[in-house]
Amino acid sequence: MATKAKSAPVQNARLPAKRVSESRSEMVEVVLPNDANPLGAMLGGRLMHLMDIAGAIAAHRHCNSYVVTASVDYVDFRSPVRVGEVVILRSSVNRVWRTSLEVGVKVFCENYLTRELRHTSSAYLTFVAVDEQRRPILVPPLKPETAADRRRFREAAIRRKFRLAQRHRRISRTRPK
Ligand SMILES: CC(C)(COP(=O)(O)OP(=O)(O)OC[C@H]1O[C@@H](n2cnc3c(N)ncnc32)[C@H](O)[C@@H]1OP(=O)(O)O)[C@@H](O)C(=O)NCCC(=O)NCCS
């Protein structure tokens, strides 16, 4: 197991803020038989893998650094994604803190005959920007632009409070007495 490295020195505190649109990303995949269960529906784990990658792309673009996934919360699967369907994963940074940032990933299925989109899944992932020694580093501030950006920015603060409280509870429960 890796030993915990000391925090890196503050080095990017003066970076200019970045707009949400600068890191917003989209990833497109076709569902293949190897991605699916025997009923022809995409495996939840495979979709989560793609969500992690789509989220990491937006996080990398915002931070211009390495990032690691610290946590994933609120994943739902609203309807099955079938073999042969086109999956579109849209990711954007909702809010940043000191060294971490929340990215929202929304998954759609596209009917390529009609171009109709079906919202199938959503998730919020927290990434931490790290240097080559995996030490957390500061991330550039975020500039929300649209009303939707500002709503996500506000809501992310509520989720972080809940997420960190849960983390604190889990750590205290598993700490040797
Ligand atoms: C994520 C990681 C870098 C955090 O390191 P750490 O030594 O715990 O660092 P800190 O306690 O200083 O926390 C750093 C930041 O991460 C955030 N964080 C840590 N764990 C978190 C969690 N479970 N959920 C949300 N945020 C978390 C902290 O709130 C802090 O954010 P802030 O600086 O913006 O306030 C470290 O736990 C790690 O490397 N984990 C493994 C990551 C990995 O391998 N991911 C792939 C999936 S297995």
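Strand 3 makes the greatest contribution to the shell around the ligand, with 4 residues. Helices and strands here are DSSP runs, numbered from the N terminus (H or I, at least four residues, for helices; E, at least two, for strands). The structure is a predicted model, in which local features need pLDDT of at least 70, side-chain atom pairs count only at pLDDT 80 or more, and totals for chains, interfaces and linings use all residues. Residues are numbered from 1 along each chain as its sequence is written.

The ligand is surrounded by 17 residues, the closest being Ser-71, Trp-97, Arg-98, Thr-99 and Ser-100. A residue is near a molecule if its C-beta atom, placed from the backbone, lies within 6 Å of it. At least two shell residues come from each of strand 3 (66–77), strand 6 (116–130) and helix 2 (147–174). By type, the shell comprises 7 nonpolar, 5 polar and 5 charged residues. In this division Ala, Val, Leu, Ile, Met, Phe, Trp, Tyr, Cys and Pro count as nonpolar, Asp, Glu, Lys and Arg as charged, and the others, Gly among them, as polar.

The protein chain contains 2 helices and 7 strands, arranged from the N terminus as β-β-α-β-β-β-β-β-α. Its C-alpha trace spans about 50 × 45 × 30 Å along the principal axes. Of the 177 residues, 29% are buried; a residue is buried if 20 or more other C-beta atoms lie within 10 Å of its own, exposed if 12 or fewer, and partly exposed in between, with C-beta atoms placed from the backbone. Among contacts between residues at least 6 apart in sequence, 75% join residues at least 24 apart, a contact being a pair of C-beta atoms, placed from the backbone, within 7 Å.

An open sheet is formed by 5 strands in the order 2-4-5-6-3, with antiparallel pairing. Strand 2 (25–30) and strand 3 are the edge strands, each pairing on one side only. Neighbouring strands of the sheet are turned by 25° against each other on average, direction ignored. Two strands pair if DSSP finds at least two bridges between them; strand 2 and strand 4 (residues 86–96) run antiparallel and are joined by 6 bridges. Within strand 4, Val-87 stands opposite Glu-29.

Both helices pack on this sheet. Helix 1 lies across strand 2, strand 3, strand 4, strand 5 (100–111) and strand 6, at about 45° to strand 4. Helix 2 touches strand 3, strand 4, strand 5 and strand 6, and its direction makes about 80° with that of strand 4. Axes are lines fitted to C-alpha atoms, for helices over the stretch in contact, and angles run from 0 to 180 degrees between N-to-C directions.

The 20 residues of helix 1 should span 28 Å at 1.5 Å a residue, and the end C-alpha atoms are 28 Å apart, which agrees. The expected span is 1.5 Å times one less than the number of residues. Buried residues of helix 1 include Leu-47, Met-51 and Ile-57. In helix 2, Asp-149, Arg-152 and Ala-156 are buried, and the buried residues of helix 2 pack against strand 4 and strand 5.

Asp-52 is located in helix 1 (residues 44–63). This residue counts as partly exposed because it has 18 C-beta neighbours inside 10 Å. Leaving aside neighbours within four places in sequence, Asp-52 is in contact with Thr-69 and Leu-125.

Conventions
Two residues are in contact if their C-beta atoms, placed from the backbone, lie within 7 Å.
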